[in-house]
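Please keep the sequence and the structure in view while reading.

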Amino acid sequence: MLTQVHSAHGFGLKPITNKIIMNSETTPQKSASTSTGNSSPLARIRDFVHKYKGEIGMGILVLYVFLLGLGTVGEIWDIEWILDLPLFRPPGKY
């Protein structure tokens with residue numbers, strides 16, 4: 001951190017040299033699943049999903065828009081190889 005000091009040349013910044021001492025009650029604690037190496041696989045998956053939920057959501061959204069566009073192109077221009085993909089087949093065909 002910096003503090004403002006007044007000198008003969010004008011105002012300037014000087015670093016604060018006082019250290020902040022924190023005791024164990026004020027320091028943030030890690031969750032039990034991340035602090036130990038022997039966490040359950042389900043807890044590790046939950047932590048991974050919690051950490052990357054924005055990226056996972058964006059990836060799902062991009063995949064959805066891509067598949068929506070692919071299906072639209074297949075329907076508009078009647079491209080059979082797209083329409084024959086298992087995702088775009090009507091139920092009961094093949």
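This is a predicted model: local features need pLDDT of at least 70, side-chain atom pairs count only at pLDDT 80 or more; totals for chains, interfaces and linings use all residues.

Phe48 and Tyr52 form a tilted pair: their ring centres lie 5.0 Å apart, with the planes at 50°. Planes have to be over 60 degrees apart to count as edge-to-face and under 30 to count as stacked, so 50° falls into the tilted class.

## Packing of H2 on H3

Phe48 also takes part in a helix contact. Helix H2 spans residues 41–51, and helix H3 spans residues 53–76. Their axes are 5 Å apart and cross at about 75°. The two helices are therefore roughly perpendicular, a class that runs from 65 to 115 degrees.

On the H2 side, the contact involves Phe48, Val49, His50 and Lys51. On the H3 side, it involves Lys53, Glu55 and Ile56. By type, these residues divide into 3 nonpolar, 1 polar and 3 charged.

## Leu67 in H3

Leu67 also belongs to helix H3. Leu67 is partly exposed, with 28% relative accessible area; buried would require under 20%.

Which residues does Leu67 contact, leaving aside neighbours within four places in sequence? They are Leu87 and Phe88. Between Leu67 and Phe88 the sequence separation is 21 residues. Their C-alpha atoms are 9.5 Å apart in space.

Methods. Residues are numbered from 1 along each chain as its sequence is written. Side-chain values use heavy atoms; hydrogens and water are left out. Axes are lines fitted to C-alpha atoms, for helices over the stretch in contact, and angles run from 0 to 180 degrees between N-to-C directions. Helices (H or I, at least four residues) and strands (E, at least two) are DSSP runs, numbered from the N terminus. Angles under 35 degrees count as roughly parallel, over 145 as roughly antiparallel, 65 to 115 as roughly perpendicular and the rest as oblique. Contact means heavy atoms within 4.5 Å. Ala, Val, Leu, Ile, Met, Phe, Trp, Tyr, Cys and Pro count as nonpolar, Asp, Glu, Lys and Arg as charged, and the others, Gly among them, as polar. Rings of Phe, Tyr and Trp (its six-membered ring) pair if their centres lie within 6.5 Å; planes under 30 degrees apart count as stacked, over 60 as edge-to-face and the rest as tilted. Buried means under 20% relative accessible area, exposed over 50%, partly exposed in between (1.4 Å probe, protein chains only).
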